[in-house]
Amino acid sequence: MSAAIAPLAVPARFARPDFVWGVATASFQIEGSTRADGRLTSIWDTFSATPGKVLHGDTGEPGCDHYRRWESDVELIAALGVDAYRLSIAWPRVLREDGSLNPAGIGFYQRLLDRLGERGVQRYVTLYHWDLPQHLQDRGGWLNRETAYRFADYADRMARALHGRVSAWMTLNEPWCSAFLGHGNGHHAPGLAEPRFATQAMHHLLLGHGLALPALRAADPGAACGIVANVGRGTTDGASDADRDAAHLYEVMHNAWVLDPLFAGRYPADLQRLWPGSEPLVLDGDMAVITRPVDFLGINYYFRSNLRSNGAGRFVDVPLPGVERTQMGWEVYPQGLEDLLRGFKAAYPNLPPVFITENGMASDDRVADGRVDDAQRISYLERHFAAVARAADAGVDVRGYFVWSLMDNFEWAFGYERRFGLVHVDYATQQRTLKNSARAFQAFLAARSR
Ligand code: FCB
């Protein structure tokens with residue numbers, strides 16, 4: 001007999017029936033089967049196969065073998081009792097190089113979404129969670145304006161093939177990561193490291209987002225459409241104006257670089273203080289495309305950074321000593337999420353309703369006697385729920401919350417070592433084990449009034 005677990009503590013306003021609770025994953029992180037059924041190579045296959053790019057040389061194989069285990073994974077999701085599941089579609093699975101549909105690839109997502117629907121789970125679908133087809137990268141990837149148009153074509157095809165099966169579409173996941181980690185510092189695929197590449201990639205990503213919206217709305221009018229941004233809180237323990245400016249610049253670089261073009265129709269001027277001469281090429285009419293209204297904004301939040309001036313107009317990250325951290329080394333700072341949400345509402349009068357589309361933490365979780373004691377994750381989640389509820393009390397329109405992640409998976413440059421799941425995965429056997437956090441989430445979901 002396993003001891004009962006206390007339900008996650010959730011603020012009353014988020015225990016109402018119309019608030020959407022979910023778990024999230026992404027295609028490359030869980031699917032495995034990277035060569036099955038005509039799937040093309042993605043930039044993450046190439047990058048992870050390059051020595052030195054991913055910790056321990058990990059790749060998209062085996063992932064969580066979800067491509068083959070999807071039926072039991074759907075039962076797992078349903079058993080948690082969540083309202084919604086956020087997943088992403090692998091572009092290289094569903095389209096051939098000539099842009100035509102790959103029936104085997106699209107069939108996988110049709111079956112998956114149908115089964116989720118049969119189990120009463122709403123489907124939040126991200127179109128681009130970083131697995132760009134390699135053949136597009138070979139033509140310049142996001143540095144090539146043509147990729148934005150190819151993305152809109154892909155969105156159109158998906159909306160036609162999957163219409164009626166999707167509750168909400170998310171165009172891009174975290175364009176900041178694609179632009180900066182992929183093109184500014186090279187930590188992510190495709191591994192380029194040049195600020196002006198990052199700003200140009202960002203522009204083409206956001207252009208692709210804007211171009212995709214009318215296609216999604218036309219082919220799947222019943223679904224909501226939005227975009228997902230990762231946001232970071234930057235503060236300083238320094239006392240000088242230069243230190244305060246460093247923290248400001250950090251937030252410009254992490255938040256305003258994405259949110260200003262979407263909700264204010266311009267790139268932040270302060271970005272040029274960080275990267276002089278890095279203005280992207282913007283054609284007439286582009287900003288009107290990028291500011292097309294969305295139904296919601298997805299926010300992904302993980303941590304706060306402490307910044308100081310480097311004395312030359314830039315910021316340096318100076319980790320605070322003695323603060324609580326996760327397996328990633330990220331500081332646990334729920335207040336940052338409240339601060340950011342309130343700040344966005346103040347900065348953008350047209351801010352749409354918000355979903356927390358990712359929040360969670362990595363820990364070095366082990367199974368002992370069939371259990372995983374991840375008390376820090378339970379506490380992390382409860383404190384972040386409370387912070388978001390304070391932002392909601394202050395008037396931010398928050399509609400739902402997705403925990404990252406359903407299960408342990410391929411954590412990009414950190415491979416399989418970093419465990420973000422509510423569910424533990426043993427990669428050798430693909431055994432799934434509910435961590436205590438999953439059981440506490442399940443207990444909350446079961447107890448809430450519907
Ligand atoms: C986000 C990504 C997600 C996951 C978490 C930990 O940046 O969107 O795929 O890796 O971080």
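1. Start with the largest pocket: its volume is about 940 Å³. A pocket here is an open set of points on a 1 Å grid over the protein atoms alone, where a 1.4 Å probe fits, with protein on both sides within 12 Å along at least five of seven lines. The volume is the space filled by probe spheres set on the points, which are joined across faces, edges and corners.

2. Before going on, note that this is a predicted model, with local features needing pLDDT of at least 70 and side-chain atom pairs counting only at pLDDT 80 or more, while totals for chains, interfaces and linings use all residues. Numbering runs from 1 along each chain as its sequence is written, and side-chain values use heavy atoms, leaving out hydrogens and water.

3. Who lines that pocket? There are 39 lining residues, and Trp 176, Cys 177, Leu 181, Phe 303 and Trp 330 lie nearest the centre; lining means having an atom within 4 Å of a point. Strand E6 (296-309) provides the largest share, six residues. Helices (H or I, at least four residues) and strands (E, at least two) are DSSP runs, numbered from the N terminus.

4. The second largest pocket comes in at about 320 Å³. Its lining has 17 residues, with Glu 251, Val 252, Ala 256, Ala 347 and Tyr 348 nearest the centre. H10 and helix H13 (335-347) each give two or more residues to this lining, and H10 gives the most, with six.
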